[in-house]
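Student: I'm new to this structure. Please walk me through it.
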Amino acid sequence: MKNSMIINADIKDGIINRNIYGHFAEHLGRCIYEGIWVGEDSVIENTKGIRNDVLEALKRINIPVLRWPGGCFADEYHWKDGIGSRSDRKRMVNTHWGGVVENNHFGTHEFMLLCELLNCEPYICGNVGSGTIQEMSEWVEYMTFDGESPMANWRQENGQQEPWGLKYFGVGNENWGCGGNMRPEYYADLYRRYQTYVRNYGDNKIYKIAGGANIDDYNWTEVLMREAAPFLDGLSLHYYTIPGDFWLGKGAATDFTTDEWFITMQKAFYMDELITKHSAIMDKYDAEKRVGLIIDEWGTWFDVETGTNPGFLYQQNTIRDAVVAAIHFHIFHKHCNRVQMTNIAQTVNVLQAMILTEGKKMILTPTYHVFDMYKVHQDATLLSVDTNIGAYKYKEKELQQVTVTASRNTKGALNISLCNIDHKEPSSISIELRGLKETVKDLSATILTANKLDAHNTFEEPENVKPADFTNYKLDENSVDINLPPMSVVNLTIQ
Ligand code: AHR
């Protein structure tokens with residue numbers, strides 16, 4: 001079969017919300033401490049305590065929104081412990097993640113500074129599991145009240161005169177599990193109650209996100225939508241790509257088999273089914289798609305690297321992770337009329353990270369490079385694509401070998417991203433560019449690929465896997481014949 005696809009440059013399928021390229025940083029392992037926050041006295045160059053190398057790298061990928069402080073940590077976090085003079089802040093035990101001491105040096109002011117430096121929107125997750133309504137309500141007042149009030153006065157005493165802008169607020173996290181082990185009926189009622197006191201002060205309008213379902217818990221979505229839809233702006237969904245079993249062994253991040261490669265691809269594609277089914281339930285209660293599906297935790301989850309704290313979730317990141325990220329973006333784009341934000345877990349040193357650090361050293365992962373290549377799709381118009389693509393056959397199973405997404409950005413550039421998920425076979429494709437007003441003159445291409453299943457970057461060899469110019473295509477008028485190597489992500493840009 002000859003592979004072909006048609007990019008319909010004149011058929012628009014929606015807008016890709018830039019927040020689909022969002023991130024998540026939790027007080028977990030070495031994500032916040034070491035990965036982002038080193039403190040003002042560190043030998044590592046920093047801006048008011050935030051390491052500069054990480055800051056610069058994150059700026060390059062245009063992070064639109066950053067979720068914090070968790071995750072499971074959020075439902076044990078008491079924000080008042082993390083403000084005021086750092087030396088006086090409470091030292092607590094991070095019971096969920098490794099039982100280590102949390103000194104609270106990175107708190108609300110430090111997080112808001114990070115967002116300011118990154119020029120991204122803060123997305124704060126409040127504590128429903130073990131916190132009070134008053135505590136949540138006062139946090140919002142502390143951050144956003146402009147005028148005289150006990151919390152606003154306290155913020156000013158702590159050095160922040162102006163209120164911060166806060167758009168996104170999560171009312172709990174995984175409340176079916178670490179966030180309180182609740183039943184959906186109970187959480188729906190609690191959500192309604194807590195969110196009442198998440199106030200809009202002045203011009204600050206908060207987009208409220210309810211803790212959503214775990215994977216295929218469709219009943220959770222059903223109950224939340226049925227009982228609380230008018231009170232929420234977003235409903236979350238968590239799904240991680242785990243080749244093995246969560247409890248019995250997830251599989252290694254490197255040094256894995258071709259079986260594991262295939263299963264990982266299969267499990268990454270499962271996100272499409274999940275979004276389709278959760279969206280169908282949401283449609284029943286919200287046909288206008290006012291409520292966003294917020295996938296505020298996704299990504300690969302493997303066994304931790306040998307010798308590291310099992311509670312720190314530190315894993316390497318290979319070309320396989322890059323392909324998984326590309327698959328996810330293609331799926332998220334496809335559902336962009338419902339999916340308004342996603343947050344990969346997590347930014348630095350945890351799970352499918354963008355960046356790994358070791359003391360002063362920092363490396364960019366293959367996943368980082370996909371975020372960099374794909375930033376062109378942020379806020380762009382999704383274009384319709386027809387595909388006729390062969391299968392990636394593995395043993396008795398098969399998956400579509402190549403996935404694609406195309407968009408036109410506000411400056412008029414057309415970006416086509418393709419991903420060959422096959423670990424062995426290349427793919428030749430004829431791409432017809434339909435609906436363009438002019439003949440294509442200016443086409444450029446970038447590729448991220450590798451010739452080993454687990455190719456990755458290390459502190460010794462930080463550039464094993466990195467984007468390169470791509471020339472293995474032929475442009476003839478408005479059609480492109482392209483040859484994608486196995487395990488590759490390619491971006492074509494037409495100006
Ligand atoms: O991202 C790691 C953890 O996974 C988060 O804290 C939790 O919400 C999820 O179970």
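This is a predicted model: local features need pLDDT of at least 70, side-chain atom pairs count only at pLDDT 80 or more; totals for chains, interfaces and linings use all residues.
Tutor: A term to begin with: helices (H or I, at least four residues) and strands (E, at least two) are DSSP runs, numbered from the N terminus.

Student: What's the peptide bond from Ala-345 to Gln-346 like, cis or trans?
Tutor: That bond is cis, with omega near -10°. The peptide bond from Trp-68 to Pro-69 is cis as well, with omega near 5°.

Student: Where is Pro-69?
Tutor: Pro-69 is in the loop between strand S5 (65–68) and strand S6 (92–94).

Student: Back to S13. Is Asn-343 buried or exposed?
Tutor: Asn-343, which belongs to strand S13 (residues 339–345), has a relative accessible area of 0% and counts as buried because the cut-off is under 20%. Its side chain reaches the backbone oxygen of His-23 at 3.1 Å.

Student: New topic, the ligand. How many residues surround it, and which are the closest?
Tutor: There are 13 residues around the ligand, and the closest are Glu-26, Cys-72, Glu-174, Tyr-240 and Glu-297. By class, the shell has seven nonpolar, three polar and three charged residues.

Student: Which atoms of Glu-26, Cys-72 and Tyr-240 come up to the ligand's oxygen atoms?
Tutor: For Glu-26, an N or O atom in the side chain is 2.7 Å from an oxygen atom of the ligand. Tyr-240 has a polar side-chain atom at 2.7 Å from a ligand oxygen. With Cys-72 the atom is a backbone N or O, 2.8 Å from an oxygen of the ligand.

Student: And how much of the ligand's accessible area does the protein cover?
Tutor: The protein covers 94% of the 280 Å² that the ligand has on its own. The ligand sits in the largest pocket.

Student: What about helix H9, and why is it called largely enclosed?
Tutor: H9 spans residues 366–374, and eight of its nine residues are buried, so the rest of the structure largely encloses it. Among the buried ones are Tyr-368, Phe-371 and Tyr-374.

Student: Last thing. Which residue has a positive phi although it is not a glycine?
Tutor: Asp-255 is one, with phi of about 60°. Lys-289 is another, also at about 60°.

Student: Where are Asp-255 and Lys-289?
Tutor: Asp-255 is in the loop between strand S11 (234–241) and helix H7 (258–285), and Asp-255 is exposed, with a relative accessible area of 68%. Lys-289 lies in the loop between H7 and strand S12 (292–300); Lys-289 is partly exposed, at 31%.

Methods. Residues are numbered from 1 along each chain as its sequence is written. Side-chain values use heavy atoms; hydrogens and water are left out. A residue is near a molecule or strand if one of its heavy atoms lies within 4 Å of it. A polar contact is a pair of N or O atoms within 3.5 Å; within protein, one must be able to donate a hydrogen and the other to accept it, and residues adjacent in sequence count only if both atoms are side-chain atoms. Accessible areas come from the Shrake-Rupley method with a 1.4 Å probe; for residues, only the protein chains shown count as cover. On a 1 Å grid over the protein atoms alone, a cavity is a set of points where a 1.4 Å probe fits but cannot get out, and a pocket is an open set with protein on both sides within 12 Å along at least five of seven lines; lining residues have an atom within 4 Å of a point. A molecule sits in a cavity or pocket if more than half of its atoms lie within 2 Å of its grid points. Ala, Val, Leu, Ile, Met, Phe, Trp, Tyr, Cys and Pro count as nonpolar, Asp, Glu, Lys and Arg as charged, and the others, Gly among them, as polar. Buried means under 20% relative accessible area, exposed over 50%, partly exposed in between (1.4 Å probe, protein chains only).
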